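Please look over the chain shown here before reading on. The report is meant to be read beside the sequence and the coordinates.

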Amino acid sequence: MDQEKKLYIVRCGEVALKGMNKPYFERVLIERVRSALKCYDGAEAKWIDGLMFVRVPADVPEDEVIGKCVRVFGVASVSPAVEAPKDINEIGRVAAEFMQKVIEQDGVRTFKVKGKRADKSFAVESPEIGRQVGGMVLKACKTLSVDVHRPDCVLTVDVRREGAYIFRDKIRGFGGLPLGTNGKGLILMSGGIDSPVAAFMMAKRGMSIEAVHFHSYPYTSQRAQRKVEELVKVLAGYMGTVKMHVINLLPIQEEIVKKCPEDETTLLVRRFMMRIAEQIAVKNGCMMLITGEDLGQVASQTAEALVVTDKVVQMPVMRPLIAMDKVDIMDKAREIGTYDISIQPYEDCCTVFLPKHPVTKPKPERIEKSESALDVETLVKNAVDSEEIVEIRP
């Protein structure tokens, strides 16, 4: 047992269900955890029988280590733990010391012990581990009593081939799959609530993320772009450094307003955004576009509008929020830490030249006829050529 380091047990959730390619996912996941903890000298992580055992210098705050681990996609839960020799009396002694600290920290009054015997060569079976260790804890901790139904604390004793591990809490992670195991996508990133959540959800499925942000400066302010950068910085805390492509959309918007029907403005702008995003995606090795669209939420997100929008690109368009209620999206934004930034009152390009009565059930033929008044190829090329790249780090 390493006296100078604190032990954390990390569980991998969905990765454990993989078949022949499970070693690949485990390898990527452990590298992600090691990367998250590389700021601590001597931190280490290794797989043992389907669990990841992480050891970090004991002077590092527990909450800090847990916070870094649970932000790694693929991590299902984390438990601070202590290790004991595989002897029932030693397990009881260490468990009593562990519970004494829990009492001092949290003032618990009731407990139960859950025994798990992964190593079947261990002489004491799982139910008996619970009974014997519980008895030793009761003897040592006079203020405790047993409550098997609603205890203040459930103490788990997990006896494995390498040793016995004692822990109390299972702090939930986000689960999913390790980042980088499912290709790369490009998120169309606005300053609203939806697109950061969409990016998070795709990253949780293992997809590496780049972003494209459209602005209409000077109609939109520099502060509006900084707001988006702050949102991406929050996401970078889960994904690592994110490359953001910044595009000036104003010349295209001005041409559309000048030459096309007012009620089609929003949809025509959206089609240009998709064309530009696809070119940037291809150039940067992204295999799909990602948007925060939610079916029926606004005029450009009706079923008919989405069909018309998708006609201008060949690349698949992922919409992870498409069937979610807005309230659920807002709850997820709060959970991941983007909500308070998203609701700041800074405009984005979609609010510029907004028609009073946008078309909600567009006909593809009519939209294409309106677009024929524009030099689409040149407008897209000029926009792509004007891109600025910002790398946003955690």
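Predicted model: local features only at pLDDT ≥ 70, side-chain atom pairs only at ≥ 80, totals over all residues.

## Nonpolar cores

The largest nonpolar core has 35 residues, and those with the most contacts inside it are Phe-73, Ile-187, Met-189, Ile-209, Tyr-238 and Met-239. The largest share, eight residues, comes from α6.

When its neighbours within four places in sequence are left aside, Met-189 is in contact with Ser-195, Pro-196 and Ala-199, with Ala-211, Val-212 and His-213, and with Val-228, Val-232 and Leu-235. Another core, of 34 residues, lies apart from the largest one, and among its members are Met-274, Ala-281, Leu-289 and Leu-374.

## The pairing of α8 and α13

Helix α8 (residues 265-283) and helix α13 (residues 376-385) have axes that come within 10 Å and cross at roughly 55°. The crossing of α8 and α13 is right-handed.

On the α8 side the contact is made by Phe-272, Arg-275, Ile-276, Gln-279 and Lys-283, while α13 brings Val-376, Leu-379, Val-380, Ala-383 and Val-384. Sorted by class, the contact of α8 with α13 has seven nonpolar residues, one polar residue and two charged residues.

## Loops with backbone features

The peptide bond from Tyr-217 to Pro-218 is cis, with omega near 10°, and Pro-218 is found in the loop between β11 and α6.

Asp-49, in the loop between β2 (44-48) and β3 (51-57), has a positive phi of about 50° although it is not a glycine. With a relative accessible area of 44%, Asp-49 is partly exposed, because that class lies between the limits of 20% and 50%.

Leaving aside its neighbours within four places in sequence, Thr-338 is in contact with Pro-196, Leu-231, Val-234, Leu-235 and Ala-333. Pro-196 and Leu-235 are also listed among the contacts of Met-189.

Pro-358 sits in the loop between α11 and α12 (364-371) and is partly exposed, with a relative accessible area of 29%. Although Pro-358 and Asp-263 are 95 residues apart along the chain, their C-alpha atoms are separated by 4.3 Å. Not counting residues up to four places away in sequence, Pro-358 touches Asp-263 and Ala-299.

Gly-107 is found in the loop between α3 (88-106) and β5 (110-117), where a relative accessible area of 43% makes this glycine partly exposed. From C-alpha to C-alpha, Gly-107 and Lys-5 are 25 Å apart in space, and they are 102 residues apart in sequence.

How values were computed
Residues numbered from 1 in each chain as written. Heavy atoms only, no water. Axes fitted to C-alpha atoms, helices over the stretch in contact; angles between N-to-C directions. Helix = DSSP H or I, 4+ residues; strand = E, 2+ residues; numbered from the N terminus. Left-handed = near helix turned anticlockwise from the far one by under 90°. Contact = heavy atoms within 4.5 Å. Nonpolar A, V, L, I, M, F, W, Y, C, P; charged D, E, K, R; others polar. Core = buried A, V, L, I, M, F, W, Y, C linked by side-chain atoms within 4.5 Å. Buried < 20%, exposed > 50% of the residue type's maximum accessible area, 1.4 Å probe, protein only.
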